[in-house]
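Try each task yourself before you read its solution.

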Amino acid sequence: MGNHLVLFNKYKRIMLLTFFLFYKDNPFSPFIHFHFCISFGFLSKERNLKVMADLKAPLVRPKRKKTWVDYFVKFRWIIVIFVVLPISATLYFLIYLGDMYSESKSYEQRRKEHDENVLKVIKRLKQRNAAKDGLVCTARKPWIAVGMRNVDYKRARHFEVDLGEFRNILEINKEKMIARVEPLVNMGQISRATVPMNLSLAVVAELDDLTVGGLINGYGIEGSSHLYGLFADTVEAYEIVLAGGELVRATRDNEYSDLFYAIPWSQGTLGLLVAAEIRLIPVKEYMRLTYIPVKGDLQALAQGYMDSFAPKDGDESKIPDFVEGMVYNPTEGVMMVGTYASKAEAKKKGNKINNVGWWFKPWFYQHAQTALKKGQFVEYIPTREYYHRHTRCLYWEGKLILPFGDQFWFRFLLGWLMPPKVSLLKATQGEAIRNYYHDMHVIQDMLVPLYKVGDALEWVHNEMEVYPIWLCPHKLYKAPIKQQIYPEPGFEYEKRQGDTDDAQMYTDVGVYYAPGPVLRGEEFDGSEAVRKMEKWLIGNHGFQPQYAVSELDEKSFWRMFDGDLYEHCRKKYRAVGTFMSVYYKSKKGRKTEKEVREAEQAHLETAYAEAD
């Protein structure tokens, strides 16, 4: 019997070898190869596991048939260079002149104009006939919004209120360390005013065009969010015009505290934000930035990222002022940690100063990537230039918009025209181009608990294959009132890396680029990929910022977000019937007058309560 088994195993191996060689192009050949190697004992236990892991790599998809849209997108750079960039540069210059004119006015004059404009808003709201007019929207054109989500709700009949004049810094209070600003003040404007004073907002979003109103009502993050939370967490007071025309000031501890906690992520559906008081912090002239290369699998990259800013021993003196990570491929990433430094320190002999703001400089993400070859290094970057390091190349989206935009000749000759305004890019694309980008392009942020970053990276690799990936940590506070986004219940008892008693550490996993299958000319269903991402986020207590395209239905939306406080404030402050609901405002697709009315009726009946 034993001899028969020996002969069986011998011939089994021969048959497997023959089958493997004959069917080497067979779609099942990886499995045959694996069985063959096991049979001959060529694979150790560890190697076996690695091969099995390789089998989980992204599937090779069928080739996609190209259409005219593919060729238009490929040569869109012609329109960008000859139309979008010149107009963008002109607009940036005009906006700069407007900012300079605003700064030439005294704070007293700005506040007087602000009060007059608030009265105009109140008067306009009171002119609305609820029975005849549509729901209230701002008069801002849909294509002006920086986010990728289509502002389709404005296609339905609506009642416009113009907030276009609310773009002034009303006060910089050095004693209270508070900046009082209007909602259309952008990050470039506020950093230009505060950094020369050695002051800054606690959280300064990277792109110049991002406005205070958008970052509060929507979502805002920066490399300092591991210390201060999201942008809205740094706000001390909101000035809101409610549906009935009342002007109120909401703080954490006054009679409108419920409104204060409900405003973030509400997308302007509880009232009209006309001013905000935001926390300031002291800063220095330079950022001392350390570039740390990390290599290994995605879980190893995630651990290297965590260790770069969240010391396992809990020593707070090791926590940097700024941190971000970039994962360039499945095995390589660079983590950057920064601390504020004085001008005297930066100019010491032997220290390298890098003025990344110059138009001809290499794009920041490519500059950081050099650490993978030359190893860890340190340099000093002027603080304001560091804040806006991703503006010129729009992270790495500039490479898709202008494939040669990162080349030295282009940077030297035309780099001063960069970046193209996102609003103009949206304005110069038709419906077909817009749908193409929804299906063949990804711009999403996945907010996940810090300890699940490795799992999120693996999910993105398997389902989307998008690189580079941006990593930015942020505190998610346990508020006195449960907000739309909230930490995992009981997180404070787990004592995980990065968590504190009052906040769970989360990370923004930024996925911005064309997926691997699209770059290889393979089939890719962008809508299905986003649906899978949203399902994964719901299952892992993650959140999806609603500036991006969402595929969530209403029931799933309220599984991801908590709607109790939001709906309470919608009813208490009479927003229902005046402002569109946050889900419907975020919903993908065109909206008709009938749909808008039906959605409002559904919210009157608290449809969100049906969520599990």
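## Exercise 1: A nonpolar patch

Tyr71, Phe75, Ile78, Phe82, Val83, Ile87, Leu91, Phe93, Leu94, Ile95, Tyr96 and Leu97 make a nonpolar surface patch of about 1,100 Å². Keep in mind that you're looking at a predicted model.

**Task.** Find out which helix gives the largest share of the nonpolar patch.

**Solution.** 
1. Pick one patch member, say Phe93, and look up where it sits: Phe93 is in helix H5.
2. Helix H5 covers residues 77–104, so check the patch numbers against that range by the rule that helices are DSSP runs numbered from the N terminus.
3. Helix H5 supplies 10 residues, the largest share of the patch.

## Exercise 2: Glu236 and Arg252

**Task.** Work out which parts of the chain are linked by the pair Glu236 and Arg252.

**Solution.** 
1. Start with the distance: N to O, the two side chains are 3.0 Å apart. A salt bridge needs these atoms within 4 Å, and this pair does form one.
2. Now place both ends. Glu236 lies in strand E6 (residues 235–241), while Arg252 is in the loop between strand E7 (247–250) and helix H10 (257–262).
3. The two residues are 16 apart in the chain, and the pair links distant parts of it.

## Exercise 3: Two other pairs

**Task.** Do likewise for Lys295 with Glu332, and for Arg531 with Glu551.

**Solution.** 
1. The closest N and O atoms of Lys295 and Glu332 are 3.8 Å apart, and the two form a salt bridge.
2. Lys295 counts as exposed because its relative accessible area is 53% and the cut-off is over 50%.
3. Arg531 and Glu551 also form a salt bridge, with 3.3 Å between the closest N and O atoms.
4. Arg531 belongs to helix H23 (residues 526–539), and Glu551 to the loop between H23 and helix H24 (554–560), 20 residues apart.
5. Arg531 is partly exposed, at 36%.

## Exercise 4: Confidence

**Task.** Where is the pLDDT below 50?

**Solution.** 
1. Get the overall picture: the mean pLDDT is 86, and 83% of residues reach 70 or more.
2. Residues 1–55 are below 50, with 25 contacts beyond near neighbours in sequence.
3. Residues 606–612 are below 50 too, with 13 such contacts.

Notes. Residues numbered from 1 in each chain as written. Predicted model: local features only at pLDDT ≥ 70, side-chain atom pairs only at ≥ 80, totals over all residues. Heavy atoms only, no water. Patch = residues over 30% accessible without salt bridge, like charges linked within 9 Å, V, L, I, M, F, W, Y side chains within 5 Å. Areas by Shrake-Rupley, 256 points an atom, 1.4 Å probe, with all protein chains shown as cover. Helix = DSSP H or I, 4+ residues; strand = E, 2+ residues; numbered from the N terminus. Buried < 20%, exposed > 50% of the residue type's maximum accessible area, 1.4 Å probe, protein only. pLDDT = per-residue confidence, 0-100. Contact = heavy atoms within 4.5 Å.
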